[in-house]
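Visitor: Could you walk me through the aromatic rings here?
Guide: Gladly; let us look together.
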Amino acid sequence: MKHFYALLGLLFLLLLAGPGHAQKLAAGAKTAAADSAALPAPKRQFRATRITEAIKIDGDLDEAVWREAPIATRFIESRPTPGRPEKHATEVRILYDDAAFYIGAVMHDVSPDSIFRELTQRDDLGNTDYFAVFLDTYHDKLNGYGFFLTPGGVQLDARYSPAGGEDFNWNAVWMSQTKLQGNDWIAEIRIPYSAIRFSDAMEQVWGINFVRQRQSTRQQFFWNEVKPQVDGFVNQWGELRGLRDIKPPLRLSLTPYVSSYYNHYPFNEQGKRNSSTSFNGGADVKWGINESFTLDATLVPDFGQVQSDNQVLNLSPFEVQYNENRAFFTEGTELFNKGGLFYSRRVGGQPLGFYDVDSRLRGRNREPDGQIRQGEYVVSNPGVTRLLNATKISGRTKSGLGVGVFNALSNNVYATVQDSTTGERRDVLTQPFSNYNIFVLDQSLKNNSYVSLINTNVTRQGSTYDANVTGGLFRFADKANRYAIKGQANYSRRRGTEFGSEKQIDNQDGYKYQLELAKISGNWNWSVNHGIESDTYDPNDLGILFSNNSINQEASVSYNKYEPFWKLNRFNTNFGLYQTLLYKPTRYQDVGFYSSFNTTITKNFFSFGGNMDGGLVRHEFFEPRRQPLGEYYVRVPANIGMNGYGSSDYRKKLAYDVSLAGRWYAADGARTGRNGYDINVSPRYRATNQLTFRYSFDWSLRRNEIGYAGNLNKNEPLDQPFIKNNVADVILGRRNRTTTTNTVSAGYTFTNRMSFTIRTRHYVSVARYRDFSRLNPAGQEETVGYQRNRDNSFNAFNVDAVFSWWFAPGSQMTVVWKNANASSLAGDQTLPQYFTNFNNTLNTPHNNSVSVKVLYYLDYLTLRPKQK
């Protein structure tokens, strides 16, 4: 503790000295100017014009109503030089009628060559200019929509919220068209009211802003100035007035799908087919219950075309967290992500009993007649749970109350096992019928503040356990938006028995809380926080938490310079101290510091930065895999790590990212030479505005790393000396580990609605052990003559090729080819060399899958009979 308080005292001296030093450099009027710069800009107001005549979305603003509408112009630069007026004007007009909202924008420039227009997939910007409109339809200054359009006609859309930030996973159906006209480019947009949510008030005020990106100079301009030193984004938008007598329409759409799969894997076994086919059908339904709330449901969903997971060799005591690639679980989930209690991969994820099947097999035995009967073996063991359906209801009332309800159902999952002697098969239940539920209340408050309540629940059929987590969150900022306090308190509850056992769950009740006080706006910012996670806190049935049982405290200070100076156009830096303790029993765990900086060179837009962190000796209580925690821990010596990275100008045809990192450890008794290194090189080449290639090379080395060597097996002769009275010793190994990842991808965009992409990834990680020790209580290690070969290597190879065609608004056809192979070798079979692993990967059987999926968007408003 004394080390942490000494470092904490140093940080507070920096906090006191930093602003004081800044005041000396910017005394008097400059100080007053700096204070005002941390306040949001005055809100500009704009009026929309109601129309009755039809507007054709063709990129030509040639209707008379466009010429007569008021113009929003005089945009203000946000980066790289905040506060400057734009030199090449942007002009925006807004119209509306009973069905939709229209935006017409003209972006003036110096020449057609100055308008960058790379073609990309939907929701991917690339090297291009863009225009966007932002709408805060409830004017709560926290939540909003963004609609982006590039000169090539590529659409992007996003949701904005305190929980999700800028979330491009959200998709809406809207119309747009662009056109180049002399030295200008024009954007014409139609956003139907069915794409957004708003109140049914007779007269409305919305938050609104526009942004223009001029890629040739890397400049970004906003209509209502957005200051980078002010905390928040939606709260810095202007106001749209003049909206009268618009009513939220009936929002009802159906998106049915059909899909077909052909799978091939060379089993080459008698009686077992190498290929299989399947045909699937289902639908997504979207229904606007009222002006505030929308129901989204997916019936018999099919997620077989999502990008393959980046599998890795996991030697840690914690699970691997994978990205969510299923659209239903990434789109419009900002409310459900409040508090970090929802890890969507749990829904339809790996069955509870996936790893327990082997322990439930009938073993080899002798029958009463003397015959020896061989045991059972696993024929199939599904690694995912098929969902029956999933439903989301979410929205926000005109008083700022957000409400979200999520529910999903999954069916029973069975592994199939077969008797070696008789050939008889039986099913083993690995996942019971389950219901997943989330309920959220989120009240927006003044001054960019909120209070929230979230509850997650998993209910399973049969004799196993159910789980429930309830969390409360708050954030209160002062009127000037300079300081904020936020906090969270969670309670987890689990009841029942462990799956496949009659043993009661031993972590029935647990809690977590976190408090933070921070200065949030200005050049100098700071924060202090403290939190506890009890030893029985467990949100992992519907969330993810790698380790609980901790007390943590942290303090940090940052300085950000947003205006260009010298040869740099910005500069960001921070410094922080942290300490963690084991909660029960209270034990020292870790204390250290971290720091970082990043900047961009004004002349060539080369961005670079670095990080440094270090810590005193750490006690790693989870690595031994021994319960209860506290008695056994692995000593991690004092260490310091540094990394540097750089990115060249993405406007160039050839650009690159590169990073180098190293970590060095102090000697730990006779053990010396522990260190680690990481290299990443990622060049990209834009051959044309339609064709792009990218390559990424990642390499890491861990030398003399100390870690858990693996579980001991009482049936393994070399393990038996280290198992006494059915209690296994904790065996640690000193190992060298090398990991290499090569990823190659290419994309060709035919039009703004049709594209082809291919991604190939090969991953190999090899761990080779040098010697072993027995871990005793209090972190003491005793060298032992453990002889079992614990070396291992893991290979993963994936190809994902996708052809996508948006043939109508909201309607898509995709053709996907997947090639996959993963292999793990242990002991004497381990392959130590990279190219040996690579050749082995290519020469082992691969699973190939070709699928076609067609979904068609049906909107009730376009299908209903027209009223005369």
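Visitor: Is Phe46 buried or exposed?
Guide: This is a predicted model, where local features need pLDDT of at least 70, side-chain atom pairs count only at pLDDT 80 or more, and totals for chains, interfaces and linings use all residues. Residues are numbered from 1 along each chain as its sequence is written, and side-chain values use heavy atoms, leaving out hydrogens and water. Buried means under 20% relative accessible area, exposed over 50%, and partly exposed in between (1.4 Å probe, protein chains only). Phe46 has a relative accessibility of 7%, so Phe46 counts as buried.

Visitor: How many aromatic pairs does the structure hold?
Guide: Rings of Phe, Tyr and Trp (its six-membered ring) pair if their centres lie within 6.5 Å; planes under 30 degrees apart count as stacked, over 60 as edge-to-face and the rest as tilted. By that rule, the number of aromatic pairs is 50.

Visitor: What kind of pair do Phe46 and Trp223 make?
Guide: Trp223 is buried, at 2% relative accessibility. The ring centres of Phe46 and Trp223 are 6.1 Å apart and the planes meet at 70°, so the pair is edge-to-face.

Visitor: And what kind do Tyr145 and Trp170 form?
Guide: Tyr145 is buried at 5% relative accessible area, and Trp170 is buried at 8%. Their centres are 5.3 Å apart with 50° between the planes, and this aromatic pair is tilted.

Visitor: Which residue lies over the face of Tyr450?
Guide: A charge sits over a ring if NZ of Lys or CZ of Arg is within 6 Å of the ring centre and within 35 degrees of the ring normal. At 3.4 Å from the ring centre of Tyr450, the residue over the face is Lys338.
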